[in-house]
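Keep the structure open while reading.

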Amino acid sequence: MAGELDVQGAKNSILPLLSGTVLCQGESVLHNCPNLSDADAACRILNCLGCKCTRVNKSITVNSELLLNTDVPEELMREMRSSIVFLGAILGRTRQCKLTFPGGCELGPRPIDLHLMALRKMGVEIKNESGYLECSAPKGIHGAHISLSLPSVGATENIILAAVTAKGTTEIHNAAREPEITDLADFLNKCGARINGAGSGTVIIEGVEKLGGAEHKVIPDRIVAATYLCCAAITRGEIILKNADFSHISALVPVFEQMGCKIYGYNSDGEDRIYINARKPLRAPHKIITTWHPGFPTDAQPMFMALASTLKGTSVFEETIFDNRFRHADELMRLGAKISVNKTIAVVEGVNRLSGADVKATDLRGGAALVTAALFAEGTSRISGISHIDRGYDDLVGNLKKIGADINNA
């Protein structure tokens, strides 16, 4: 595979950004928005709340001047895991909210206890009635010192969203440091918020009375970039990714280099790009351990497992974030991969060839891993369950075709 591709806007940014528009008493415009089923679900939630949400190409305009509803219907909450981020935003705007527990990929327990613990510290009263969370802050939301037991991205986002219009100052210690947290803070600050330290372990939010609308460009999707880089490597190809931030994939670069790939970032005509060349013989990476940012991202692990299954040598994967993150291993083995899994450890022995087979995507990144492996496999592979892939990839098939893949939607 060879050629150039544009990297879409980040799925894990657009969802909290859309929820953040709930706080803005005016019109906001978000550019570089990927066309994803999860983004569509977020827009439906906004419309249900009374916002006016419209899309034109890659830009979404949200007018949140009037908020007519504080309840999110169960069917919309179940469409995506990230829907829980609307909790902090709605509370920040109206001081009350009712919603159900969210849906999304089944990757193991992902409790929201940290979200609820933090909100209670900020004066929110929460009742769990028949699967519904009924939340209110009759005396208002106030600032608090919050120490997270782990750097949860969702909890950090919900705290920030609730805190920007709270009375006083909120401090988050052991906050998530992902680039998407910084992106959310940048947008909210444009709207009039006072957030400092986003992207570090300590975030400080000084509450303001209200926010206005703003215009903002969504950062590029680092996991989509990682996927295309793995696709290039598994086909022993050479590609350039445009609109891609090299600093966001810093944990992946040493792994690619250990494999024997040439990879670097550069700027051309004011646009950040990433180059990878995998034409030399590659070797398996020794060990990959997923962890919180800035460590190796759990979302990139499935695609790297697919790649490692085709490289000479043995690789060990240790998953520390989700208990059920190796569901794709069984499907990769249908293609001929040699993988043994023991709880949170997977050992991959590289093979010379994979063979096409009928496989099923059971989650978003696992589906991307199957597409990655199928590019290497001899013969035809048929992948079902592609609705999972549509949650996070904007025209994956069309983009892979651009760089030489023989791939079609059934």
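The text below takes the nonpolar cores, then the pocket and cavities, then the cysteines.

This is a predicted model, in which local features need pLDDT of at least 70, side-chain atom pairs count only at pLDDT 80 or more, and totals for chains, interfaces and linings use all residues. Residues are numbered from 1 along each chain as its sequence is written, and side-chain values use heavy atoms, with hydrogens and water left out.

**Cores**

In soluble globular proteins, nonpolar side chains tend to be buried together. A nonpolar core here is a set of buried Ala, Val, Leu, Ile, Met, Phe, Trp, Tyr and Cys residues joined through side-chain atoms within 4.5 Å. Buried means under 20% relative accessible area, exposed over 50%, and partly exposed in between (1.4 Å probe, protein chains only). The largest nonpolar core has 75 residues. Phe86 and Leu188 touch the most other members. Leaving out residues up to four places away in sequence, Leu188 touches Gly20, Leu23, Ile160, Leu161, Val164, Ala193, Ile195 and Leu211; contact means heavy atoms within 4.5 Å. A second, separate core holds 69 residues, including Leu5, Ala284, Leu332 and Ala337.

**Pocket and cavities**

On a 1 Å grid over the protein atoms alone, a cavity is a set of points where a 1.4 Å probe fits but cannot get out; a pocket is an open set with protein on both sides within 12 Å along at least five of seven lines; lining residues have an atom within 4 Å of a point. A volume is the space filled by probe spheres set on the points, which are joined across faces, edges and corners. The whole structure has three cavities of 30 Å³ or more.

| Space | Volume | Lining |
|---|---|---|
| Second largest pocket | about 740 Å³ | 14 nonpolar, seven polar, four charged |
| Largest cavity | about 60 Å³ | six nonpolar, four polar, one charged |

Of the 25 residues lining the second largest pocket, Ser381, Ile383, Val397, Ile407 and Asn408 lie nearest its centre. α12 (364–376) is among the elements that each supply at least two lining residues. α12 gives the most, with three. The lining of the largest cavity includes Arg222, His248, His293 and Pro297.

**Cysteines**

How many disulfides does the structure hold? Zero, a disulfide being a pair of cysteine sulfur atoms within 2.5 Å. For Cys97, the nearest cysteine sulfur, that of Cys135, is 5.8 Å away. Cys97 is buried, at 3% relative accessible area. For Cys261, the nearest is that of Cys230, 8.8 Å away. Cys261 also counts as buried, at 6%.

Notes
Helix = DSSP H or I, 4+ residues; strand = E, 2+ residues; numbered from the N terminus. Nonpolar A, V, L, I, M, F, W, Y, C, P; charged D, E, K, R; others polar.
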